[in-house]
Every structure is written in C-alpha cells, then in structure tokens.
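Walk through this model one piece at a time.

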Amino acid sequence: MTTKVTTPGEKSLETTAEISKAIKAYYGGVKVAKEEGKPIIWSYGLTPREIFHAMDAHVIYLEHLPLMVGAKQLSGHYIQVAEEEGFSRDVCAFHRCFLGCAVASERDPYLDQFFVDPDFIIATNLPCMSESKSFLYAADHHNVPYYFIDAPINTWGKDIPDYAIEYYAGQLKGTLDFMSEHGLGTVDWDKLKEAVSLSKKLILLWNEIDKCRQAVPTPMGTVDGLTAAYPLIQLPGTQLGVTLFERLLKELKGKVERGEGVLDDEKLRLLWFGVPPFYNMGLLNYVEKYGAVVVKSMIEYIAGGAYDPSIMDPDKPLESLAYKALVDIVNPISENMVNFIRETVKDFHIDGVIGVVKRSCGLLPGYMRPVKDAVYEDSGVPTTIFDLDGLDIREYDDATSKANLDSFIEALLASKRR
Amino acid sequence: MTTLERMIGILDAPEQVVMDWKAKGKKVIGYRCLYVPEEIIHAAAMLPYATLGTPEPITKADSYFQPCACEFVRNIFDLGLDGKFDFLDGLVLSNTCDAVRHLKNMWTTYIDSVPCYMLNNPQKMYDEPAFKFYRHELEGFKKTMEDLSGNKISDASLRESIDLYDETRRLLKELNGLRRRDVPPISGAEALMISMAAILMPKEETNALLLQLIDEVKTREIKDADGPRIMVTGSIIDNPTLIELVEDMGGVVVADDLCTSMKYFWYQTKPNEDPMDAIVRFNLERSVCACMHPSEERYDFLQEVIGEFAVDGIIYFNVKYCHPFVYESATFRKKLEEETPVLALEVDHSLSGLGQLKTRVQAFIEML
Ligand code: SF4
Ligand code: SF4
C-alpha cells in the first residue's frame, strides 16, 4: 500500500538556506558550461571530488538527481522509465531513478533545469556494486567513454598498506589523464595540492560543526544536516565549501551559546541509520511532536565526513585522497562503520537508533544487525529496524512508517520515565 | 554403475568427500567463489571445498541478514550458524559482490567455529596496477594458507596444483564441448551435476573419472533432442531443478554459463615462468563474473557460446537481489535480443518460486 501524504522537511538554519542556493547555482553553472561547449562529466559514489575541482571540471553527481526529483515527488516516474528499460525492481531505487532520468526521452521541466547529457563518465565501485554497473549502462546508452576507479574493500582497518594506496592513487592519476585526454587541459598539480589543503580545512570545520551538534539541546538536526552535508559531499577541495562551513559554524556556535535548540524542550535524541526518507523529509520532523529530534543521519557522512584530517597531506595529494577513500566508513567491510556508529551514539548522547532498510540497497541493510548489537552492547541504546524506501513511493507506506516511529519513541519515553 | 551415475551420486552426500579427505588427517578450506585460487589451497596440501547452498528454507540467518540480501549468501550463513560447516578449517571469500562482503562481516562477528578470510581481488581486468595489487593480496593469502596448514608452498608444488586444476578444467570443457553436437550426449541437468561433483571432489579423483566419463558418453545420445537449444546464463545454480524444468518443457539445455559450470572450467591458466603470476593473470584475464570491468569481453564470450553451441534462446537466470547479474542482464539483454530471444528470470536461490515461472518458461520454449 502506498500513500501520497508527503511533506518537505522543515529547516531551521539560515546557512542551510544559503547552501541550498549554492546547490542550485552549481547546477546552473553546469548547464552554462554545456552551452559553452565544455565537457560534462557524470560521476557518482565516492569518486574523490577534489580531483574534479582541481581540473575545473563540470560534474553532475548523479546521486543528486534522485534526491532532487525525489523531494519533488517525481522519482516514481523516472523509476518506472528505468523499469520499462528492463531494470528489475531489485536494482537500487537511486540507480533506477537516475537511470530513468538518464534514458528518458522527455524530461520534466524541473529536472531539465539541471540535467545535462554527459561527454564522459567516471565511476567507481565504492561504496557498492551499483555505482559502477549502472554507469556502464548509461555510458552505453549515451555512447560516451567510461573510466572505472576500482576501490579495494577495506580489509585492513586504519592501517592501509602502501600497495593499496599505490593502486588507488594510480587510478586517480589515470582519471586525471583521462580527463586531460577528453578536453580538460593539463593537470595543474598546484591546484590539486590546494584542493587537498582546502579539503582538509573542510573536514576540520565539519568536526567543529559536529561538536556543536553534540550540545544539548542540539542546534541542528538532520533535516538541516542533510543539506549542510552538501559541501562535504560535493565541495571538498573548494573555497566555497570552506566559506559555507565557516558561516554554518558561526551560526551554530551562536545558537549553542544562547542555548537555542531545534526544540526548546528536547526529550529524546535519535540517530537515523540508512537512507533518509527523501520522498517525505517531513517524516524527520514528525518525531518532534514527542519532543524528539533526529540529531544526525549516517548519510551525512557518505562521502568522507568521518576520517582523521591528519591523513591529508597536500604534498602527497593522490595518496591522501586514496587513503581518505579507503578508510571511508562506507567502504565495506563494516568494522569502520560499526565503530563509527558506536562512537556517534556516545558522542551525540543518542537515546535510540532508527535503522531503515531500503529493500533494493545492496550495502546498508547488511549493517543493520551488527550495528544494532554493537550499539546495544556498548551503551545499552536500542535500535528499531523497519523497511522504508525513501525514493520509490510504491515501496513507501506512510502510515506504517509513522506507526513504527510512534511505538519506538513511546517505548523510549517510557523507559526514560522509569 | 556407470561413471555418470557415480559422479552424480556424489551430490547425494557431498560431505562424504570431505570426510574421506579428513580421514587422511588433512585440512579442508571452504571457499566462495571463483576468484579464490583453489590451487594455492591445494598446494598447501588442503582440500578447497566449494561451499554450495541447499534448497532448505532459511531460518536463523533471517534475523541477521535482511531478506533483501541475496538468498544464496543467506543460505550459506544459515548453514554456518547451524554448524553445518564446522568441518571446515577455514572459509575464504573473495570480493565479488556486496552480499559476499557482508557475509564476511557477519561470519566474523557471529560464527566463531570457522575462521573467515577475505581475499581482496580487484574488479579491474587487464590492468598492470591491478595485477600488482592482486599479487600482494595473493602473497598474503598464500602465507595464511601456509600457516593454517603448516605446509610451505613451493613454486614446484604450486605449479603441480595449477597443472592438476587446469586438467580438470580442460576435461570438463572437453566433455561439455560434446554438447555442441546436434544431439548432445548428456542433458543439461546431467552436465550441471557432473560439473558440481567435479568441483567438489579432490581433483586427483575427478580427473580420472572425467577421462572415463568422456569415453563413456562419446557414443551416447540424449532422447528428445529436437527442441530448441537453450543457453542458461547468470550467477549460481546449485541444484538442477531449473534446468530440469526447461528440459521437461521440451528445451535442450546445451550450455550453462554459471558459477557452478562453464564459468568454472571455460578458461585455463596461460604458460608462465612464475606460478603466482599465472594465477594473477588467470583471474584477471578471464571475464567470467559480472562484477568485473570492463564487461565487453563477457558479452563477446556469450556471443561465442551462442554461435558455437547453436543456441536458439537464452535464459538469463538471476538469483533475487544478485546485483552484479541483475545489472548485467539489463545491460546485455537488449543487445543479445537483437539476434537471440532472451527470457529473464529472477528466482530465489532455493528456486521456491519456480512453479510460478513454469508458464513463462513454457511460453518461451513454445515461442522458439
Ligand atoms: S549504497 Fe545502497 S542506496 Fe546507496 S547507491 Fe548503493 S545500493 Fe543504492
Ligand atoms: S548470487 Fe550474486 S549476489 Fe549472491 S553471492 Fe553470487 S554474485 Fe553475489
């Protein structure tokens, strides 16, 4: 059963509104670049964005299209287009949605504002298989060249061996050469070093932002957090990203000093684990009626928001980016992810974890049980797990989702009262 | 009893193969899947044992894995939780898909009785840096196998193991090559079962039996061979029910590009001074799995099989939630269909939903 009862998320910060404008401006810029005849890249997953910024490349990050069309309730249409193209319903809803956008013969005027055909495609298999395989289809369909960055899975923890760094860094060099060959000029190594240095600044600022969010009451919940993560995901290596985070930090510090929270009377702090309900972001506000706030969502970290900034050495730009990708928490296998959630629960004083399973995701559902057990063992904090597809409306049941949240929160409140 | 019956009979009690081996005081290493080099395990005097699933319903594993993970992997984990793989001295997995990656985590976190090792194979082929990376990984793997077995692996012993496994692959290919004939000597279901038995058994025995078998079936002809010639392609099928269904409906399965059949034996190592390098290149220069890049060669391979075996129709078989092959079938299907009709099926690993597919299979075969 599906319902169309969806609402946008309510944000509470000024800087996140600014960030939303920056997102629009970015895609506007891509459109203009295409008109000026500059090459357009499609990319996805955890390809290090710094290399693109260092090359002044115009990139559409395709994880963004499903989010944007999802928030406008248009994702269902494009998902259907992909299914008509032969993609099974088991294929990740994000990828079905983007593939639908990629192959649709007609596009909605909203999507058309920022949709541009690619000149070439750069894909990777991090964090999941879908990233590389759906891109092959898109490359075939648009008949454009394709470069694949193979990311070894992290079987080493924090001590990544030199041969793995060498392999990944070599492929980044290959990507730079590929971009050069396809019309992006020669590699400016100083610019790349600068990008790595700015990326380091960005993560240091994000860590300070995170510290502010640990305050009780929290000055920023994940409705803002998901927009606030945009510089982290898309702008590492740019001055714009740094400037936006400086402003956000200032705003949050002010709120913490004044004791202003998302809620005046914060009773419960929650962590969202899994894909957020992009189709119905208002669901994240729904819990507020209980005095509960979703302080964070794991997705905010999806492209490198959880690593030690000291690994970034601008004099070794490719090796630094390789290290960053290989230790990323979403790089399987899960030790890093489980430890990260465990720490987050403690640092952010979380009372309960909401684990949502998007049936078609190959990656996140496999973490649910280990995360649930590890968090409970470590801090006694419970996790609820239920199905929720934030993108494919046919899989989304609003009433059941709310009932699941109601019963979990009521149980948390009852146990607090005891 | 014919050799054919003897080999197929092994599948009734595959654990007996292990018991016989263990009775000699030797160790057994389970593995999944084609990118785990059995030769290295064998060169350490251990038995590489392909962990296959069962058609049994999943019980305990469902409270660990969400039901949207590939059922084959959940099945293996279920058997592991139940202690059914406790006879193994280790389990080795390779980096092929999201599901197997998660199996590594789950196994390490929740099953103590059998240590689990993940071999980090690249997903990039024909690439010197990938060869180099994989070589490092294989050296680590070799050392782990030496430590586990207490046996040093010399170049000579590794070369011997490679030759032995190449011979198995060569014989299986020769046997299956007979299916090119207008009237094949063995049915698709028989071919799959022989291949599975050959994969499970110690290769010293396998090779002797395969030689006899080839001789035995050379003059044989299957009955009812006038139906359309079918190729089944996809990931893993570890029981013959689907193939039997296709054959019961009048199809003649002449080729099966599966992890338990052609993918296992179609290629051999190339001559190489350095046996480790031979293994590196063997795994990164053959396009058998949908997880690898680039994918053109796999498409060409399918075309080659279609031509050589005079295939009239293709069944693209996907275990539900098998992401690599789900993408591959969508990508290849359109192109393949330009010349050969394709039926895409998504089925649970246990093949429990097969009844519902009967009509589709029947309609497909009638259409051909
Ligand atoms: S991690 Fe999951 S949701 Fe994200 S792209 Fe991969 S399969 Fe889709
Ligand atoms: S069937 Fe597919 S998803 Fe399952 S283990 Fe094999 S390749 Fe992975």
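Ligand 2 is surrounded by B:Cys70, B:Phe72, B:Val73, B:Cys97, B:Val100, B:Ser235 and B:Cys322. The model is a predicted one. By class, this shell holds 6 nonpolar residues and 1 polar residue, with no charged residues. The site itself is the largest cavity, and ligand 2 sits in it.

Now turn to charge. Side chains of opposite charge can pair when their charged atoms come close. Over all chains, the whole structure has 56 salt bridges. Consider B:Glu128 and B:Arg281, whose closest N and O atoms are 3.3 Å apart in a salt bridge. B:Glu128 belongs to helix 6 (residues 128-149) of chain B, and B:Arg281 to helix 12 (residues 275-284) of chain B, so the bridge ties together parts that are 153 residues apart in sequence. B:Arg281 has 25% relative accessibility, so this residue counts as partly exposed.

Next comes B:Asp257. This residue forms a salt bridge with B:Lys263, and the closest N and O atoms are 3.2 Å apart. Are these two partners buried or exposed? Both B:Asp257 and B:Lys263 are buried.

A further salt bridge joins B:Glu337 to B:Arg333, at 3.3 Å from N to O. Both residues lie in helix 14 (residues 323-337) of chain B. They are 4 residues apart, about one turn of the helix. B:Glu337 has 35% relative accessibility and so counts as partly exposed. B:Arg333, at 28%, also counts as partly exposed. Elsewhere, salt bridges that share partners build one network from A:Arg89, A:Asp90, A:Arg359, A:Glu395, B:Lys320 and B:Glu346.

Finally, look at strand 5 (residues 268-273) of chain A. Why does this strand count as largely enclosed by the rest of the structure? Buried means under 20% relative accessible area. In strand 5 of chain A, 6 of the 6 residues are buried, so the strand is largely enclosed. In a regular strand the side chains alternate between the two faces of the sheet. Here both faces are covered. A:Leu268, A:Leu270 and A:Trp272 are buried on one side, and A:Arg269, A:Leu271 and A:Phe273 on the other.

Strand 5 of chain A also has strand partners. It pairs with strand 6 (residues 292-297) of chain A in the parallel sense, over 5 bridges. There A:Arg269 stands opposite A:Val293. Strand 5 of chain A also runs parallel to strand 7 (residues 352-357) of chain A, joined by 4 bridges. In that pairing A:Leu271 stands opposite A:Val353.

Key:
Residues numbered from 1 in each chain as written. Chains lettered and ligands numbered in written order. Predicted model: local features only at pLDDT ≥ 70, side-chain atom pairs only at ≥ 80, totals over all residues. Heavy atoms only, no water. Near = heavy atom within 4 Å. 1 Å grid on protein atoms, 1.4 Å probe; cavity = no way out; pocket = protein on both sides within 12 Å on 5 of 7 lines; lining within 4 Å. Sits in = over half its atoms within 2 Å of the grid points. Nonpolar A, V, L, I, M, F, W, Y, C, P; charged D, E, K, R; others polar. Salt bridge = Lys/Arg side-chain N within 4 Å of Asp/Glu carboxyl O. Helix = DSSP H or I, 4+ residues; strand = E, 2+ residues; numbered from the N terminus. Buried < 20%, exposed > 50% of the residue type's maximum accessible area, 1.4 Å probe, protein only. Pairing = 2+ DSSP bridges.
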